[in-house]
Every structure is written in C-alpha cells, then in structure tokens.
Amino acid sequence: MILILKPGTLPESHEYKQLFAHLANLAGITVRVHTEVGIEQTLTEVYLIGNTKALSVEDMQSLSCVERVVRISEEYRVLGRHENDDRPTYFDYNGVRFGQDTLNIFAGLCAVDTLEHVELMLKALRDHGQVCTRMGAYKPRTSPYSFQGHGKACLPYVFDLAGKYEIKVIAMEVTHESHVEEIREALYQTGTSTGVMLQIGTRNTQNFELLKIVGRQQDFPVLIKRGFGITLDESLNAAEYLASEGNRKVIFGLRGMKTNMGDPHRNFVDFSHVPVVKRLTRMPVCIDPSHSVGTRSGSPDGILDIMHATTQGIIAGANMVLVDFHPVPSKALVDGPQALLLKELPLFLEDVRIAREAYEKRAELAKRYQEAG
C-alpha cells in the first residue's frame, strides 16, 4: 500500500509526526519513505510493506496529511501500474521531460573514439535541434581484446563539448559503481555543463549489486535495457530493483532478443513489447534499433532496416530512441557497420516525425472510439 501525502508536507510538521506515530503502531508493517524534491513543491510517498490486506483504504485515507491511497499488487510494486493509481508516468531531468507521452532522440556515438568525432556529432545534433545524445565511455565487450572504451579520460572533453553545443542529456553506460563517481566528478569539474542518464546494459540487467548501487543515487536518471537472454518479467523486476532503492527516474529499454530466429539481423527485434511495458508499468519506453538490427542493410524501397525498426517502435508508442551515428563509421572503434551517417540525420529525424504523427493519429482515433462507447 502507498500513502501519497499532501504536496509540501514536511517531516518537521505536526501532521507528519502524527501520521508516523500512528503507522508505528501497525503490527507487521514496515514503513519506507520516498521523497521527490521538485522546483515548486516536495512530494512524499510512504510505502507500507507487509500484510496490508487488513488495512482499509478509507481508514488510511482519513489519516493526517494523506492525500490519497493506492493499494498495490505484488508485481512491480514501485514502478508498476496499480488500480486507481494516478501517479505520474513522467519525470523531468535537466530541463527535459521523459514520459509515456513524450519522445526524445538520443543519437550519437556507441563508443567515444576521438574528440574530433565527438564535436562533429554534437554540432550536427545542435544544428538539427536535438538536445540529447548517446556517448559510450565504458564499453563491456564480448572479447577481452576488443576496445573497452576510453573511460574517465574522455569524460571532461565530452562534457565540455556537450555544454558548448547545448546538449542537455547524455546516455552513458556504466558497468561498475566507480563509474558513477567518475561521471559525477567530471561533471563537477566541467561546471555541470550537461546532464547524464546512466545506462545499464543488457549484460548487467541482473547484476543486482550494481542495480542497488545505481538505484541508491538520485542525481542521475537510469536507462535499463532488457536482458537479451531472460524474460520480460525478469527484466522489469530488474528495473524494480533500481526503484526499490530510491531512484524512480527509470526508463526501460528494448534492444532486441538474442536468438538466431532474428537472423540476418543482429537480434530479434522486440519492439512489439513497447505497449506491454507501458501497460504494466509507469516507465517511459526506449527502443534501440541499432543494436537490434546491427547492419546498414536496406530493403528495395530504399529504406534502411534500422529506420524500419525505428518507426515500428515509434508507431507502437516508444518514448525514446537510442541510435548509433558516426561521422566516419569506417573509423569507429565499436559497431561501425551499424552506425548511420551524419548526412542521414535529417532523413532519420523526418522519418521519426512521420511515424510519431501516425502514432498520435492512431491514439486519437482509439480515444474517440472509447468515448463513443
């Protein structure tokens, strides 16, 4: 059960203390508090953990400073959708809104290689009105002999250039708790010139200790990718690990399933699960067409498979796209064969706009039919 307190309720207030004095007397109930400090007000959620079936929603609703009560199911307790649950399906970070009704494009380098390539990429994004990007500093690889990323050495110039070109959010994978501190320190040294969305890659979806550590910090939102060898339920529970530790700013990423049934693509594209994740949880959903498709192959209509996959996800309601671009793919140190070209960026963005418009028209059509009964 979740008690959502009236906005602005402070721990030092008489009402707050009165409420918690009452909760302390509930047998077999553990209390966990989550507070979101916004620009205009502070919102507090109180989680009652234990046998709450005997608790009356009406009785709890009448308690001091409680605005509303949500009785939650066992599945995805924090991030899930529950009956009569009207908690937000969005969050704001560094001036950008991420929600189940928004769309943000994170085009960029799968792995940072040179300062020059980073600058060319960020300049192209700025010139086309984009404020988000992907930049890989830490790269887990299948082979121990493959390029593992420049790590913290590249962070200062990536963040400096992001500030120069007005990029507000960079999606950046972390594979160890030390990476979070390295990112925080580099941001501080560069005057917090940009923001970072921490990314948990498919190989670490069930690295539970990493999930707990990343979940305990609330400075950065988190994009967690679906594990490519586990069920959707197991991956959603991995996202719940993050939220249960305190970080509710979580986006769920679909990146294709590892199976030869997807051949000749790199992975079997799973973007039909976009509406499923939005139905089961309050998380925005990201698609990663580059790692799903893995090639620059195209169909006879002249459209690249990556673009086909992208629009399939967007028409299904995706809220974020993580896609590989590179100024010179032949010189890329990671995943060059799947990277789109900078000259293709305006085509890609226009294709995205067309698909998003189609989704919005479909959603409006469905709404009219529902209202008509």
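Me: With which residue does E45 form a salt bridge, and how far apart are the closest N and O atoms?

Reply: A salt bridge is a side-chain nitrogen of Lys or Arg within 4 Å of a carboxyl oxygen of Asp or Glu. Here E45 is paired with R248, and the closest N and O atoms are 3.3 Å apart. The model is predicted, so local features need pLDDT of at least 70 and side-chain atom pairs count only at pLDDT 80 or more, while totals for chains, interfaces and linings use all residues. Residues are numbered from 1 along each chain as its sequence is written, and side-chain values use heavy atoms, with hydrogens and water left out.

Me: Into which domains is the protein divided?

Reply: Domain bounds come from an automatic or database domain assignment. Domain 1 covers 2-70 and domain 2 covers 90-372. Their C-alpha centres lie 35 Å apart. Contact means heavy atoms within 4.5 Å; domain 1 contributes 6 residues and domain 2 contributes 5 residues.

Me: How much area do domain 1 and domain 2 bury between them?

Reply: The size of an interface is often given as the accessible area lost when the parts come together. Buried area is computed with a 1.4 Å probe and summed over both parts. For domain 1 and domain 2 the value is about 420 Å², with 31% of it on carbon and sulfur atoms. R32, H34 and E36 supply 79% of the area that domain 1 buries against domain 2, more than any other three residues.

Me: Which strands form the open sheet, and in what order?

Reply: Strands of a sheet pair through backbone hydrogen bonds, either parallel or antiparallel. Strands are DSSP runs (E, at least two residues) and helices are DSSP runs (H or I, at least four residues), numbered from the N terminus; two strands pair if DSSP finds at least two bridges between them. The sheet has 4 strands in the order β2-β3-β1-β4, with antiparallel pairing. Its edge strands are β2 (29-37) and β4 (66-70), each pairing on one side only. Between β2 and β3 (residues 42-50) there are 9 bridges, and T35 stands opposite T44 in β3.

Me: Which peptide bond is cis, and which residue has a positive phi although it is not a glycine?

Reply: Most residues other than glycine have a negative phi, and most peptide bonds are trans. The bond from D263 to P264 is cis, with omega near 10°; P264 is in the loop between β12 (250-254) and α8 (274-280). N94 has a positive phi of about 50° and is placed in the loop between β5 (90-93) and β6 (96-99).

Terms used: Buried area is the accessible area (1.4 Å probe) that two parts lose on being put together, summed over both.
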